Amino acid sequence: MGYDVSGAYGLRRAKKKTIMNAKQWMMLALAALGVAFVPQAGQTAPATAPEHVVSDKERTPTAQDAKMEWFREARFGLFFNFGLYSYYGGIWKGQVRMSNRCSEWMMIAARAPVAEYAAAAKVFDPQGFDADEWIRTVREAGARYVVFDAKHHDGFALFRTEASPFNIVDATPFGRDLVAEIAAACRKYGVKFGIYYSQNLDWHHPGGGGGGWDPAQKGRMEDYLETVCIPQLRELLTNYGKVDILWYDIPNGVPQAYAERIDRMVRELQPEMIINNRLRHGIPYDIQTPENFVPATGLPGVDWETCLTFNHSWGYSATDHDWKSARDVLHYLCDTASKGGNLLLNLGPDAYGIIPRPCVDRLKAIGAWLGRNGEAIYGTQASPFPFLPDWGRFTLRRGADGHDTLNAIVFDPPSSGELLLPGLVSPIRGAWRLGAEGRIPLEIRADDAMGPSIRLDKAAGTLQDFVVTIALEGRAKLSETILPAADGSVVLPPRLAKCHGGLRLNEMNIAGLKGSEESLGYWTSPKAGAAWTFRTQRPARYAVELRYGAPAASDGSVIALVFGEQALPFKIRPTGNWTRFTAARVGEIALPAGTHTLSLRLDHLQGEGPCNVGTLRLIPLPAEPSKP
């Protein structure tokens, strides 16, 4: 697998230093191994805006929507990483040799000579492989599409190919075309069929990207592309019927002219095929592919899928049994759907072609949940709310009759027993929870200051991972004014700020698999700023808390948080870098009940920018005792 980060914090300066996230540590490790790696936009600060999505002039938005319809409906797919690397399981000559805990990178981590590594093909005989069973497992899990590893970075093809003898049909005793069998099983079970192909890295064929430790790898990239990559892509998109997704990996190693040629070819061969963003930057694509994390705000306006490992490795690892629970995976699925994306969950079958039993068991549990609650996932859109509730997630279903439905997916019921819907102005026609005996109607409560809420039934207090359906009158509409929480506090997330002068929203994966953090960045001028509009329920004094990140060069910058005629100045102290966030108390402010505006102002600039601004919080303080 490769790496994709969508968005980053920081300023538009080419030589800016930034903290290394998990993916950047991976790149450093590869560099230490002598691997040439050209980072994607977003992997180092500064960030660039997401690349354009599908720039074909002939394709109208309507046609693109029609092409993407099944993908947006699916929301859940399974990724099969299987190949000769599965035979090794991350073990080379008795020692664990993996890169970033990924077994499919064993060949490069071990500096395995090409001929020695390839010798395993002579005994690779995955007799446990059963395409029918694999795709039946996909259907039972509730997944709607598959991406199958046709050729990974070790250069070993799992299909019949005239371009290289290093393939499962000609080089192994197994002698069967796995791509053909997977494609046939997908058609049998009505599952969309996708192909993964490593177009850049190829450690077996001369000239393939990423090699260099073995003289056998030496050659021209152009020759590899002409004799292996392009012919194999043509075979894959010609010999197996309709291909629904093409999944490239590791962008930018393929020269621009060849990338454009490949793009033209695959679109001519499969014009309705969905293509990911990993061929080369600047080449049109249909989906972005954040890896092992869910973007904090999703990727608005872009079709995307988070690809996620079941343990830590993409390929089978003989030493990694740290499986995510069914509940963990379910929460990832709900999180991606709530932000308008898909989840592509990876499976690494073992050397015999068998899916590990813990994965199968968990997939059955996920499939059972989707069988009961699939309407909260399939065909839904991102939550209209600007916040992520502590108790779960929201998804939105557009009704053909003009009436929307909110799905509240409750991971753990709030202790209050109420699901708050702050800012919702659409009338609610009804709300219910699906119980063992059918629909259980729920009480709808209205509050002019806080917005409506749904009162859960008593039995729901002991449940987990259930869905509350909220039927709306007309389309879902929210007030632009941010409402206070039940305790009177006000949360002002970066995504709700109205920015000007170049300040803008950014986010990237900082917290590893558990998520990411949003912020306002690119604050390079006193002319830039941002503002939030919010409401307070009653007169109170508030502690104002700012979450921010700043490098050493910004030390001494001064920003101000402006509430009407009142301003709270804040002197920036370094946190370490742009992406290392800390919370600081700016001061206190007294506000009456009503609607207010908080604005950001830059009063003094040190370095390239003062800070990246995270979430702001107004926390009500206890009333001071009255004097006698």
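Modeller: A crossing of two helices is left-handed if the near helix is turned anticlockwise from the far one by less than a right angle, and right-handed if clockwise. Keep in mind that this is a predicted model.

Colleague: Which hand does the crossing of α8 and α9 have?

Modeller: α8 passes α9 in a right-handed crossing.

Colleague: At what angle do α8 and α9 pack?

Modeller: Helix α8 spans residues 221-236 and helix α9 spans residues 256-269. They pack at about 15°, and their axes are 11 Å apart. Angles under 35 degrees count as roughly parallel, so α8 is roughly parallel to α9.

Colleague: Which residues make that contact?

Modeller: From α8, they include Leu225, Cys229, Ile230 and Leu233. From α9, Tyr258, Ile262 and Met265 are among them. By class, the contact of α8 with α9 has eight nonpolar, no polar and four charged residues.

Colleague: How do α6 and α7 pack?

Modeller: Helix α6 (residues 131-140) meets helix α7 (residues 178-189) at an angle of about 45°. Their axes lie 9 Å apart. The angle makes α6 oblique to α7. The crossing of α6 past α7 is right-handed. Trp134 and Ile135 are among the α6 residues in the contact, and Ile182 and Ala185 among those of α7. Here the classes are seven nonpolar, no polar and five charged residues.

Colleague: How many cavities does a search of the whole structure find?

Modeller: Rolling a probe the size of a water molecule over the atoms shows where empty space is left. Here the search finds two cavities of 30 Å³ or more.

Technical notes
Residues numbered from 1 in each chain as written. Predicted model: local features only at pLDDT ≥ 70, side-chain atom pairs only at ≥ 80, totals over all residues. Heavy atoms only, no water. 1 Å grid on protein atoms, 1.4 Å probe; cavity = no way out; pocket = protein on both sides within 12 Å on 5 of 7 lines; lining within 4 Å. Points joined across faces, edges and corners; volume = space filled by probe spheres on them. Axes fitted to C-alpha atoms, helices over the stretch in contact; angles between N-to-C directions. Helix = DSSP H or I, 4+ residues; strand = E, 2+ residues; numbered from the N terminus. Parallel < 35°, antiparallel > 145°, perpendicular 65-115°, else oblique. Contact = heavy atoms within 4.5 Å. Nonpolar A, V, L, I, M, F, W, Y, C, P; charged D, E, K, R; others polar.
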